[in-house]
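Take a look at the model before reading on.

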Amino acid sequence: MDWITILSTTIKAAVGVETVLYAIGAIGLNVHFGYTGLLNFGQAAFMGVAGYGLAVTVTVMGLPFWVGIFVGLAAAVVLAILLGIPTLKLRADYLAIVTIAAAEIVRLIFRSVQFKSVFGGSDGQRGFSDGFYALNPFPEGEYGFNLGPVPLLFGHRTMWVLTVGWVLIALFSFVVYLLMKSPWGRVLKAIREDEDAVRSLGKSVFSYKMQALVLGGVIGCFGGFIYGLGYASVQPDVFGTETTFYMYTMLILGGAARVLGPVLGSMIFWVLLVLFYNVMTEAVAAGYITFLDTNQVGAMRWILVGLGLILLLIYRPQGILGDKREIAIDARR
């Protein structure tokens, strides 16, 4: 087996674009689920409206890149308000149903033939990232270092995306840390534990939930920006329900209601996927595995990662950094 290539791609996956965009989305989801107890299954919609807000503003309306960023942020805030008004007074299970349906409606609107001139239909939109890469301070070439015989190198465009992405992760993690140590954050945790008790103290539970939904949605929408800029395109099916489920997996894997839980979970999730895929592909090619072909390796890696996550939930349901009490859902919500 080519262990150098396997190690190189696996280590690069720990800090790659996929890890960054999912970590940002999971940080926002941590505000919803981990700290406030909101079972929001529509986080992918926040990423979608941000990515499409940027894409449509630049490609269809012909406005500058920075205007597209503000449009995407505004779209995420509007979506949070529209989702929050009818759902935040519902119980946790009803909230999950409503948000997953709303996210699917958003995806189908982006995919709709009727709006193809605006959103591009199933092909999506591209050609909106030039303004971002015009700010790239890295000259053309490769950047990184060699870890012994293992090369860890990224192209100048990828390096720019990763730099911005990891700065955002550090910034959002720090902001969430400060907020959750503040009186506002303690109210959110109290709502998660017993919202009736919080209401009896004169606090507006609905208002705090709405604030948390907006904050988590705005943080998560930057994952949509990173996706669009990192791949220079947006497609509606990328923002399907499975994207939200992946983020929940990463959040619980790393530890809900822990500042670094979403980041650690995202890194481990993608490292395992890439490692299993590379090892099994090499093993099939070398003839060590005969009951699979290369076309089946992609599906098998999801099976193996899924089995690992099942074992994690059985033996350590709180995740790596988490606490069991942080993932309990009160049915009264």
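The crossing of α2 and α12 is right-handed, meaning that the near helix is turned clockwise from the far one by less than a right angle. This is a predicted model: local features need pLDDT of at least 70, side-chain atom pairs count only at pLDDT 80 or more, and totals for chains, interfaces and linings use all residues. Residues are numbered from 1 along each chain as its sequence is written, and side-chain values use heavy atoms, leaving out hydrogens and water.

**Overall build**
- The protein has 13 helices and 4 strands. Both are DSSP runs, numbered from the N terminus: helices are H or I with at least four residues, strands are E with at least two.
- Its C-alpha atoms fill a box of roughly 65 × 55 × 35 Å along the principal axes.

**α2 with α12**
- Helix α2 (residues 17-35) packs against helix α12 (residues 261-286) at about 145°, with the axes 8 Å apart. Axes are lines fitted to C-alpha atoms, for helices over the stretch in contact, and angles run from 0 to 180 degrees between N-to-C directions.
- On the α2 side, the contact includes Glu18, Tyr22 and Asn30; on the α12 side, it includes Pro262, Met267 and Trp270. Contact means heavy atoms within 4.5 Å.
- The contact residues divide into 8 nonpolar, 3 polar and 1 charged. Ala, Val, Leu, Ile, Met, Phe, Trp, Tyr, Cys and Pro count as nonpolar, Asp, Glu, Lys and Arg as charged, and the others, Gly among them, as polar.

**α8 with α9**
- Helix α8 (residues 156-181) and helix α9 (residues 183-200) meet at about 80°, their axes 4 Å apart.
- The two are therefore roughly perpendicular, a label for angles of 65 to 115 degrees; under 35 is roughly parallel, over 145 roughly antiparallel, and the rest oblique.
- Leu179, Met180 and Lys181 of α8 touch α9 residues including Pro183, Trp184 and Arg186.

**α11 with α13**
- The axes of α11 (residues 241-254) and α13 (residues 294-315) come within 11 Å and cross at roughly 45°. They are therefore oblique to each other.
- Tyr246, Thr249, Ile252 and Leu253 of α11 meet Trp302, Leu309, Leu312 and Leu313 of α13.
- These residues are 7 nonpolar, 1 polar and no charged.

**Annotated span**
- An unreviewed UniProt entry annotates transmembrane regions, including residues 297-315; such annotations may be inferred rather than shown by experiment.
- Residues 297-315 are 100% helix and 0% strand, with end C-alpha atoms 27 Å apart.
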